[in-house]
Amino acid sequence: MSTAYFRFLERLNDFLPGDQRENFIRVEFRGGQSIKHLVESLGVPHPEIGRVQINSWEGSLDTIAGDGDQVEVHPIQDGCLIEPRFLLDNHLGRLAAYLRMLGFDCLYRNDYEDQELAETLRRDERILLTRDRRLLMRKVVVHGYCPRSLDSLEQLAEVIRRFDLRKRIAPFHRCLRCNHPLESVAKEAVLERLEPLTKRYFDEFQFCPDCKQIYWKGSHYERMQALVEKLT
Ligand SMILES: [Zn+2]
């Protein structure tokens, strides 16, 4: 048996039980195991990890752990190196709606089979958002994040910070129901589908070419506007 010692920095400690946080954790293992394997055995998913220092040298998740190694694991830096497109698991429906409201491409369904999830990630190079650590640990997941909070607005703030989305916010451009980009539509074209009060008080409309939903700047819009201002 070999022994290595792992210490996790900053927000990676969120994944550890209290007595392991900020401390070196002793791990016994058989030879030939990667740092990634050992780190995930401690409960920390690889998409959350940035730099790995092994005995003060720069290592990586693929480095094979050696007997006596002291490993310091840093969280991945905030920012986004790819187009921020997301795939959310079935417990994050409200977060998906908020992200769509801010203009981000978000796939969300509550019946994704694991295999389908994996394929969608691979095909579109999407970022997986899930509180399911086991899902984040899957090999197919390259970019991902585990929202820490259970509150969907706090989750939104976390995701904006983690992927540095502030400058990319483009609210009210995406269908909340189906994720399709919205198009402007003349009032006359949708007139017969409007309720009497909407017809009377609103003149600007947007329309989803996919699911045919109509949007206008009603009270819902004002609430969202306030949210966007708070976030930016
Ligand atoms: Zn739609």
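**Exercise 1. Work out how the donor residues of the zinc ion are spaced in sequence, and list the atoms that coordinate the ion.**

Step 1. Start with the pattern along the chain: in this predicted model, the donor residues of the zinc ion follow C-x2-C-x29-C-x2-C.

Step 2. Now put names to the pattern. The coordinating atoms are the SG atoms of Cys175, Cys178, Cys208 and Cys211, at 2.3 Å from the zinc ion.

**Exercise 2. Assign the geometry of the zinc site from the angles among its four donor atoms.**

Step 1. Collect the angles: they run from 100 to 121°.

Step 2. Compare them with the cut-off. Four donors are called tetrahedral if all angles lie between 85 and 135 degrees.

Step 3. Conclude that the site of the zinc ion is tetrahedral.

**Exercise 3. Place Asp89 in the fold and find what its side chain contacts.**

Step 1. Locate the residue: Asp89 sits in the loop that runs between strand S6 (86-88) and helix H2 (93-101).

Step 2. Check for a charged partner. Asp89 is buried and has no salt bridge, and Arg131, the nearest side chain of opposite charge, is 8.1 Å away. A salt bridge would need a distance within 4 Å.

Step 3. Check for polar partners instead. The side chains of Asp89 and Thr130 are joined by a polar contact of 2.6 Å.

**Exercise 4. Describe the backbone and the exposure of Glu10 and Glu22.**

Step 1. Read off phi. For Glu10 the angle is near 45°, and for Glu22 it is near 65°. Each value is positive in a residue other than glycine.

Step 2. Find the element. Glu10 belongs to the loop between strand S1 (2-8) and strand S2 (25-29), and Glu22 is likewise in the loop between S1 and S2.

Step 3. Classify the exposure. Glu10 has 58% relative accessibility, so it counts as exposed. Glu22 has 46%, so it counts as partly exposed.

Conventions
Residues numbered from 1 in each chain as written. Predicted model: local features only at pLDDT ≥ 70, side-chain atom pairs only at ≥ 80, totals over all residues. Heavy atoms only, no water. Donors = N, O, S within 2.8 Å, 3.2 Å for Na, K, Ca; no water. Tetrahedral: all angles 85-135°; square planar, octahedral: opposite > 155°, others 65-115°. Helix = DSSP H or I, 4+ residues; strand = E, 2+ residues; numbered from the N terminus. Buried < 20%, exposed > 50% of the residue type's maximum accessible area, 1.4 Å probe, protein only. Lys, Arg positive; Asp, Glu negative; His and termini not counted. Polar contact = N/O pair within 3.5 Å; in protein donor to acceptor, adjacent residues only side chain to side chain.
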